[in-house]
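Open the model in your viewer and keep the selection tool ready. The tour goes stop by stop.

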Amino acid sequence: MPRNSLTGDSARLIASSFAFGTGWLGLSFTFPLIAERLGFSYTFIGIIGLASSLPFPVVAYIYRRAGSRLMRAGVSVPLAILLAMSVALLFGYRSYFLPIAIIASFFQAPWWISSEIALGSLQGSRNAEKYSIAWGIPNATSPAIMGVIIDLYGFKYVFLIAAAAFAISMVTTPRMKYKEETTSRESPRLSYIFPLFYAGIFSGFLYFVVEPLLKANGFPYYLIGGVTATYGAVVAVGFVVLNFAPELKTWQYGAISSLLLFPALVLAFKVTLPIIVAVSAISGMGVSISMSKILAYISKTSDTKTGVFYYESTFGFGFIVGSLGEDVLFQYYGIWTIIPLFIMPLAYGIYLILRERPHISRLPGNL
């Protein structure tokens, strides 16, 4: 078979995803930190969070009825734009930071969504797992490495690395063919996928509230990168470990995930490095459960495009609440506002347990 007729292969998928993850996760790590350094308010920092999350449900909705041409453009166009924005940051991040950050944040969404939809059409086996590992590694390593680079050499070297990574992703992206699915499936239960909303809240809160807060309190960039990398590492390791863990019911995964996100509210009372690291690790496991097991449930009950829409919308709206929502509340009312934010997943986890208890008690052997 000629090379150009392939729908894709595993090696190119891993290389492209790893390069894109390295570029984007390193670049986006700098955005809240640069904004804080340039004196932007938390509201403006939250606007960058909005730009990075709102396109996900919008693009995922459009793609439900999109053809292959639009989705292929959703891979190639973002890479070109992100490469251009990385170069632009090299020369003008002080003067034009906010518009560049917003444009870059907006255009990364189509790449993720187009790639996720295409996974089932690529040649090779276990492409979803390979894709998750490929971007999961830089999710754990990029912030830590970039934090050290910023401390030693400044932001410009991060922009240079990001530009190179996007260029590599452009030349390694596999040829993608999007197959249409006609099989009708049942819709997933909203109550089972809603914990993804809380996972999104914590992610937005960590990147767009905790990061600039740490810098405002004098923490060096390498420690801030270490905190973010701890979260990313636990999420990535969770993906692997959960593949070998005994299977639970979907509602149980939802309850566990929600309850693991609750401890973040302790940051309303004490903000020290050990506490932040512990919260990032515990909540990272909660996010990992949502992003793997609840995503698997969605995949079983929906066609690919609809499943991606459910997943990205639920997580994306949570990210908006955790970034823009909490940034505004924090700016005007203080850190105590995270208490109701993280009481919500505690209440929801308890709700799921109490709702399912009558069904458990009626099972054979529990009479």
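**Aromatic pairs**

Start with Tyr198, which is buried at 6% relative accessibility. Buried means under 20% relative accessible area, exposed over 50%, and partly exposed in between, using a 1.4 Å probe and protein chains only. This is a predicted model: local features need pLDDT of at least 70, side-chain atom pairs count only at pLDDT 80 or more, and totals for chains, interfaces and linings use all residues. Residues are numbered from 1 along each chain as its sequence is written, and side-chain values use heavy atoms, with hydrogens and water left out.

Rings of Phe, Tyr and Trp (its six-membered ring) pair if their centres lie within 6.5 Å; planes under 30 degrees apart are stacked, over 60 edge-to-face, and the rest tilted. The count by this rule is 32 aromatic pairs. Next, select Phe155 and Tyr221: their ring centres are 5.4 Å apart and their planes at 75°, so this pair is edge-to-face. Phe155 sits in the loop between α6 (127-153) and α7 (156-172), and Tyr221 in helix α10 (residues 221-242), so the pair ties together parts 66 residues apart in sequence. Helices (H or I, at least four residues) are DSSP runs numbered from the N terminus. Both Phe155 and Tyr221 are buried. Back at Phe197 and Tyr198, the rings are also paired edge-to-face, 5.6 Å centre to centre with 70° between the planes.

For a cluster, select Phe20, Trp111, Trp112, Trp135, Phe166 and Phe239.

**Charges over rings**

Return to Tyr221. The charged end of Lys215 sits over its ring, 4.1 Å from the centre. The rule: NZ of Lys or CZ of Arg within 6 Å of the ring centre and within 35 degrees of the ring normal. Then select Arg189, whose charged end sits over the ring of Tyr192, 4.6 Å from its centre.

**The core**

Which residues touch the most other members of the largest nonpolar core? Select Trp24, Phe31, Phe202 and Phe342; the core has 95 residues. Helix α9 (residues 195-216) gives the most to this core, with 14 residues. Such a core is a set of buried Ala, Val, Leu, Ile, Met, Phe, Trp, Tyr and Cys residues joined through side-chain atoms within 4.5 Å.

Stay on Phe202. Leaving aside neighbours within four places in sequence, its contacts (heavy atoms within 4.5 Å) include Tyr231, Leu261, Val279 and Phe342.

**Last stop**

Select Val171 in helix α7. Val171 is exposed, at 61% relative accessibility. Its C-alpha atom is 7.9 Å from that of Ser16, 155 residues away along the chain.

Definitions and conventions
Helix = DSSP H or I, 4+ residues; strand = E, 2+ residues; numbered from the N terminus.
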